Amino acid sequence: MRFLKHGVYLFLLLMAFSSFAATKHINIVKPVVAAFKAGDKAAIAGRVHYPLQRKAPLQAIENEQMFIENFEQIFDKEFIEQIASSNIRHDWEMMGWRGIMFDSGKLWLDFDGSIWAVPYESEAEKARREALIDEQKQALHKSLREFRKPILTWQTKKHLIRIDELADNQYRYAAWEIDQSMQDEPSLVITGGTLSFDGSGGNHFYTFTNNGYRYVCHVIVLGTEQSPPGLLEVFKNNVQILSEPVLSL
């Protein structure tokens with residue numbers, strides 16, 4: 001009998017917690033949807049966590065003014081209507097530590113109601129991104145012009161580094177001396193790289209191996225104020241022989 005009472009109590013507690021979570025979820029999302037219904041660009045811009053990353057090689061959105069200037073490119077009429085007419089209980093979902101997801105990941109909110117990611121890509125933004133990729137290809141040495149997506153372009157103290165995705169999860173590393181141009185033939189090209197994630201904060205790294213050497217490009221998303229945006233490490237037979245922070249992207 002006592003076990004039954006405890007079971008009922010636990011059930012009611014879980015139901016209460018679920019109801020609270022659902023209510024919290026609704027209260028967080030409601031003002032975001034209201035801003036889209038009103039077409040209030042300034043209110044939406046004030047809810048964005050900057051910088052708002054876009055698919056490479058598109059430039060990240062750094063501030064509210066830049067967001068408003070690019071608003072129609074990020075949020076086309078169709079996407080705005082989807083958000084404005086969304087059912088908060090069914091179209092928005094709590095996804096643990098990652099926040100609140102809209103429509104299978106087209107937009108993400110943090111738990112304070114800020115927009116931290118917009119994976120959705122409008123046709124206008126897609127066309128702009130593809131045009132920029134074509135421009136990059138023409139600015140590269142002819143041996144590097146075939147790739148699907150640019151991943152990163154780095155400058156360290158002694159090197160220029162570029163990583164591109166050739167196909168799904170197939171990465172290529174190219175390197176030049178610092179006094180060279182990317183239009184020059186690269187001093188080193190390695191394919192077959194891998195992508196790994198370092199914890200849940202967004203930090204990740206690309207690893208390339210070649211003739212006993214291992215090249216690791218650490219992308220630092222979550223760090224300290226003194227952290228560089230990235231770090232290049234080179235190992236020979238598992239002994240580190242080079243470590244260079246990224247100076248510019």
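Reader: What makes this an open sheet of eight strands, and in what order do they run?
Author: The order is 5-6-7-8-9-10-11-12, with antiparallel pairing. Strands are DSSP runs (E, at least two residues; helices are H or I, at least four), numbered from the N terminus. Two strands pair if DSSP finds at least two bridges between them. Strand 5 (149–155) and strand 12 (239–245) each have a single partner strand, so one side of each lacks a neighbour in the sheet. From one strand to the next the twist averages 25°, an angle between N-to-C directions of lines fitted to C-alpha atoms, on a scale from 0 to 180 degrees.

Author: The model is predicted: local features need pLDDT of at least 70, side-chain atom pairs count only at pLDDT 80 or more, and totals for chains, interfaces and linings use all residues. Residues are numbered from 1 along each chain as its sequence is written, and side-chain values use heavy atoms, without hydrogens and water.

Reader: How do you know that strand 7 and strand 8 pair?
Author: Five bridges join strand 7 (residues 170–177) to strand 8 (residues 188–197). Pairing takes at least two, so they qualify. Tyr-171 stands opposite Gly-193 in strand 8.

Reader: Which residues lie nearest the centre of the largest pocket?
Author: Gln-53, Arg-54, His-204, Val-219 and Val-221, out of 46 lining residues. Lining means an atom within 4 Å of a point on a 1 Å grid, and a pocket is an open set of points where a 1.4 Å probe fits, with protein on both sides within 12 Å along at least five of seven lines. Strand 5 gives the largest share of the lining, six residues.
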